[in-house]
Amino acid sequence: MTTTLPTAPTGPGHPQPFTGTRTLGEPGQIDAEGVCAWFGGRLVLETVNLTMEQSKVTALIGPSGCGKSTFLRILNRMHEVVPGAQLAGSVKLDGVDIYGPGQRAMETRRHIGMVFQKPNPFPAMTIAENVLAGLKFSRSTPGDKDDLVQEALTKAGLWNEVKDRLGELGGALSGGQQQRLCIARSLAVRPRVLLMDEPCSALDPTSTLRIEQTIKEIADEVTVVIVTHNMQQAQRVSDYCAFFLAAENQPGRVIEAGRTEMIFGEPTDQRTFDYVNGQFG
Amino acid sequence: MAIDLDLAPRRPQAPAPTPITVTRDYSTPDKVFRWGVQASGLGVFLLLVAIGSFLAWSGWPAFKVAGWGFFTHSGPVLVGSHANFGVLASLTGTVEVAFVAMVFGAPVAICTALFLSEYAPLRSRRSLIAMIDLAAAIPSIIFGLWAFFELQPNVVGLSTWMSRHLAFIPFFKVTSPPLNASIFIAGLVVGIMIVPIVASICREVFSLAPAGEREAALALGASRWQMIRTVVLPFGRGGMIGAVMLGLGRALEETIAVTIILAGSYKVTGQILQHGGSTISQLIAINFNQSGGALGVHDLLLCGFVLFLLTLVINLAASAIVNRSRSGAGVDL
């Protein structure tokens, strides 16, 4: 599907700001190089080099406080929203450094969407308005709003449950439905990458499975990076895994990264083995 | 395999369930505390009623003499051998001063609050907030003196400009200069005075806007202003209206600063730029010592009752307007 948006493709060899037209629904690749993060002068994440492959699901796993979420938020410039947060290194979306000169955070976030731990639909907007919120921010006009709402909600696996009440408020849905609404809202702007920060940790098992199914279904259209504490979930949904760990009073680091089967089946690092087998600490 | 579910009630003859009465047995300290808070709550209400009825009761003799003319006349009016009093000029003056104050004060206060909660750098934010709160504590007589000696001479130029270029708006027409001691300047001072308190409340409300929804907007590619419009302002709408109404109440009753600035003439005027005008509180303040002359104490108390009713109505209206609002409400991007 080709639509025109005020955004642009960038080839790996031609770094340029995202302007002009581009083919949408194209998953992107993220290369993080030497990413470090500080909060109030304290180093919390050290030299992370990680590639998140196009059209694949990459899971970031590790114990609490090891910098997974911080790393995730660096990938779409949400880290800088936190007061006192600093970072170093580069994050390239299809070869273009999102922290490079001339790159605007709001533009980057339209290409790299995010779903949060706690469902956060706009409670006083209707379901349909929630889905369209991102497009309104970018002032782009979809050809047919109803089609887009249906498409996004279908992809997020929510359409059948809400198709007769699109005018109801987003805040009136159940937690699992709200989270899928948030996914639909993120997908509606057709991002190239979707970041998910423990999207199921506030949900019941049924909703969790439903969202995992959604992740698998959208993966060929959008690259997914998911932070999860749930080992089974990482195993179920991801193609690649990165194991983060922070030793006591040390910043978080990537201990091991690779294909999910490898990380869970035959990890090279003993700490990875211990963690994925639940023998940690 | 079929499971035989016994869905029939076990004892069909059992009586229909009735709710039980839950006894609330409070402990003694709890009872004492309960009584205490109840007493102060009721006390405030009673005080309000007492003040209202005192003013109505004491103003009644003046109303008996003046009749409804009290509301249609301005200043002392000679009726036969007796000087009746009318509140009209002061009432309109009060509303005009408050209106000017809100037009200038409310937007500045809301912008100040947005700056403090959304834009101010973290390092200077605390000290800026402390300064705003301190400004709220400046006595009004200080504002009055400052306005008389510093603000007024500088604002007269603006008044002159407005009277020349905006005279097609009836409010800004000037027929009898000078342009000092005007309702406009008094309103400006009061507007400045209400900024700290309104800004302080609005900032508090804005800072309570849910972080998750703020991040949701930003992560969807919203600019900071779009995020504010989608999340912060709709969430804070109720609080904002409340704060502005509180400011309005303050603007209606401001006495000393207005007394210092305003010329005090008993003439209904819509021409806010020129010398003259009065407000109810100013009228009471300047006449209280000499009451017994043309203006009896009952006249003043009746004026007080009018002001009391005015502020009461404003506050009731405010609470009717204020409805809890959440982010995304009424947003048309």
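Asn249(A) is exposed, with 6 other C-beta atoms within 10 Å. In this predicted model, the residue sits in the loop between strand E9 (240–245) and strand E10 (253–259) of chain A. Its phi is near 55°, a positive value in a residue other than glycine. Most residues other than glycine have a negative phi. Ser55(A) lies in the loop between strand E2 (42–52) and strand E3 (57–61) of chain A. It has 16 C-beta neighbours inside 10 Å and therefore counts as partly exposed.

Confidence in chain A averages a pLDDT of 86. Of its residues, 90% score at least 70. Residues 1–23 of chain A stay under 50. For this stretch the model has 39 contacts beyond four places in sequence.

Chain B has eleven helices and two strands. Along the sequence, the pattern reads α-α-β-β-α-α-α-α-α-α-α-α-α. The chain has 333 residues, of which 39% count as buried. Among contacts in chain B with a separation of 6 or more, 76% join residues 24 or more positions apart.

Two domains are assigned in chain B: domain 1 (40–83) and domain 2 (87–321). Their centres, taken over C-alpha atoms, are separated by 26 Å. Contact between them involves 17 residues of domain 1 of chain B and 16 residues of domain 2 of chain B. On the domain 1 side, helix H1 (28–66), helix H2 (69–72) and strand E1 (74–79) of chain B each supply at least two residues. H1(B) provides the largest share of that side, nine residues. By class, the side of domain 1 that touches domain 2 has ten nonpolar and seven polar residues. No charged residues occur there.

The two chains also meet. In this interface, 24 residues of chain A are in contact with 19 residues of chain B. Helix H2 (105–111), strand E6 (112–115) and helix H3 (127–137) of chain A each supply at least two residues of the chain A side. H3(A) gives the most, with four residues. The side of chain A that touches chain B divides into 13 nonpolar, six polar and five charged residues.

The largest nonpolar core holds 159 residues. Those touching the most other members are Ala184(A), Phe243(A), Val189(B), Val190(B), Val198(B), Cys202(B) and Ile261(B). Helix H6 (residues 183–207) of chain B contributes the largest share of this core, 17 residues. Both domain 1 (40–83) and domain 2 (87–321) of chain B give residues to the core, so it lies between them.

Phe243(A), one of the residues touching the most other core members, was examined for its contacts beyond four places in sequence. These partners include Ile61(A) and Gly62(A). Val254(A), Ile255(A), Glu256(A) and Ala257(A) are also in contact with Phe243(A). Ile263(A), Thr272(A) and Tyr275(A) complete the list.

Terms used:
Residues numbered from 1 in each chain as written. Chains lettered and ligands numbered in written order. Predicted model: local features only at pLDDT ≥ 70, side-chain atom pairs only at ≥ 80, totals over all residues. Domains from an automatic or database assignment. Contact = placed C-beta atoms within 7 Å. Nonpolar A, V, L, I, M, F, W, Y, C, P; charged D, E, K, R; others polar. pLDDT = per-residue confidence, 0-100. Buried ≥ 20, exposed ≤ 12 C-beta atoms within 10 Å, placed from the backbone. Core = buried A, V, L, I, M, F, W, Y, C linked by C-beta atoms within 7 Å.
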